[in-house]
Amino acid sequence: MTNLKTNIIGLSRDQIKSVLIDADLIKLNENFRVKQIWHWLYFHGVTNIDDMTSISIDLREDLKTVFTLKRPELDKEQCSTDGTIKWLIKLEDGNLVETVYIPEDSRGTLCVSSQVGCTLNCKFCHTGTQKLVKNLSTEEIVSQLMIARDQLKDWPANENRKISNIVFMGMGEPLYNYDAVKKSVEIFSDQEGIKLSTKRITLSTSGIVPQILEWGKEVDTVLAISLHATNDELRNEIVPINKKYPLKELIKACRDYPRSRNSRRITFEYVMLKGVNDSLEDAQALVDLIEGIPAKINLIPFNPWPDSPYECSSNNQIKKFGDFINDAGYSSPVRKTRGQDIMAACGQLKSDSIKIRKSISRLQV
Ligand code: SF4
């Protein structure tokens with residue numbers, strides 16, 4: 001029997017089973033035991049193996065010798081006047097990552113991070129000014145939800161839960177942490193645990209073309225594209241990864257996206273930057289660019305941060321832009337700015353962790 005305890009959060013069912021078998025803890029009904037543990041962990045959200053009361057006391061004692069259910073430490077909680085909550089989470093290795101809960105009348109959304117920092121330097125985004133520190137593990141991604149549910153007293157994962165949706169729109173480019181994000185989605189959507197429908201999980205990417213197609217084949221989530229410009233010259237400036245994967249390739253990937261259909265439209269995110277991308281000519285170019293793709297456009301009023309290079313478009317201009325797109329047949333809701341007073345709004349996340357491993361970023365750009 002190993003002396004090192006494994007954190008069970010983030011393990012797949014097969015991995016849990018392997019730990020149990022390797023430690024010689026179960027010989028019969030392995031799948032049933034794993035199902036029991038899974039249910040306690042992800043449906044009830046227990047933080048202590050003693051609370052898994054449908055499992056015999058002897059087996060619980062044995063489980064304690066191989067597993068922990070430890071969450072990372074909650075470093076700070078900030079509550080906005082509009083109900084948005086931002087948690088700064090201190091990971092086991094000391095790195096800091098942010099997670100944001102956005103309550104609305106019809107749903108509660110958790111915005112999770114996939115990396116500490118980011119390599120991509122999107123010019124409107126505060127996270128982009130923080131160099132990539134590391135990719136988060138599945139455990140570190142899933143733990144963001146566990147902590148959020150603990151804080152909101154949102155267990156068990158039943159119909160009335162506060163967190164009903166998850167968006168990968170926090171710190172980082174999720175498709176640059178493909179495997180861990182994919183495993184997290186599998187855990188979030190497992191119907192015997194957290195039980196979120198994949199219709200309620202959104203992966204947002206700045207446009208990593210090869211992985212978009214792979215993701216579409218392998219994982220069934222909503223896809224959001226951080227678009228923000230309709231020509232390469234401007235997009236190269238706002239979303240520099242466009243130099244590697246220009247608009248033509250990105251839009252082709254969206255047209256070819258295996259799961260694109262009217263019931264699962266692609267969301268194009270478009271940040272409204274005053275005098276930069278908000279004219280009616282830009283709106284026309286946007287409609288032309290995505291013609292034929294089952295899509296909706298999320299208009300995002302720009303959320304400033306210290307020394308940010310842009311201003312937000314006026315409400316009047318955002319309305320005109322949105323009306324134009326609506327008239328062209330695309331739904332174009334304006335995303336309400338939430339949590340701006342605690343720097344939790346879209347594009348404002350950043351932690352104080354600094355880059356320590358150069359090798360990761362070299363691999364990714
Ligand atoms: S928008 Fe996303 S991909 Fe771009 S810098 Fe910010 S976190 Fe990175």
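**Figure 1. The division of the protein into two domains.** Domain 1 covers residues 6-68 and domain 2 covers residues 73-364. The model shown is predicted. Between the C-alpha centres of domain 1 and domain 2 the separation is 33 Å. Where the two domains meet, domain 1 contributes 16 residues to the contact and domain 2 contributes 17 residues.

**Figure 2. The area buried between domain 1 and domain 2.** The size of an interface is often expressed as the accessible area that is lost when the parts come together. Here, domain 1 and domain 2 bury about 1300 Å² between them, and 58% of this area lies on carbon and sulfur atoms. On the side of domain 1, the residues that lose the most area to domain 2 are Ile9, Tyr42 and Phe43. Together, Ile9, Tyr42 and Phe43 account for 44% of what that side buries.

Figure 3. Two elements, α1 (13-22) and α2 (30-44), each give two or more residues to the side of domain 1 that touches domain 2. The largest share of that side, 7 residues, is supplied by α2. By residue type, the side of domain 1 that touches domain 2 comprises 6 nonpolar, 8 polar and 2 charged residues.

Figure 4. Ser204 is located in strand β10, which spans residues 201-205. Ser204 counts as buried because its relative accessibility is 11%, below the cut-off of 20%. The side chains of Ser204 and Glu269 are joined by a polar contact of 3.2 Å. Apart from residues up to four places away in sequence, Ser204 touches Phe168, Met169, Glu173, Pro174, Ala224 and Glu269.

**Figure 5. The surroundings of His228.** His228 lies in the loop between β11 (222-226) and α7 (232-238). With a relative accessible area of 1%, His228 is buried. A polar atom of the His228 side chain lies 3.2 Å from the backbone oxygen of Glu269. When neighbours within four places in sequence are set aside, the residues in contact with His228 are Phe124, Ile238, Val239, Glu269, Tyr270, Val271 and Asn277. Gly339 is 111 residues from His228 along the chain, and the C-alpha atoms of His228 and Gly339 are separated by 21 Å.

Technical notes:
Residues are numbered from 1 along each chain as its sequence is written. This is a predicted model: local features need pLDDT of at least 70, side-chain atom pairs count only at pLDDT 80 or more; totals for chains, interfaces and linings use all residues. Side-chain values use heavy atoms; hydrogens and water are left out. Domain bounds come from an automatic or database domain assignment. Contact means heavy atoms within 4.5 Å. Buried area is the accessible area (1.4 Å probe) that two parts lose on being put together, summed over both. Helices (H or I, at least four residues) and strands (E, at least two) are DSSP runs, numbered from the N terminus. Ala, Val, Leu, Ile, Met, Phe, Trp, Tyr, Cys and Pro count as nonpolar, Asp, Glu, Lys and Arg as charged, and the others, Gly among them, as polar. Buried means under 20% relative accessible area, exposed over 50%, partly exposed in between (1.4 Å probe, protein chains only). A polar contact is a pair of N or O atoms within 3.5 Å; within protein, one must be able to donate a hydrogen and the other to accept it, and residues adjacent in sequence count only if both atoms are side-chain atoms.
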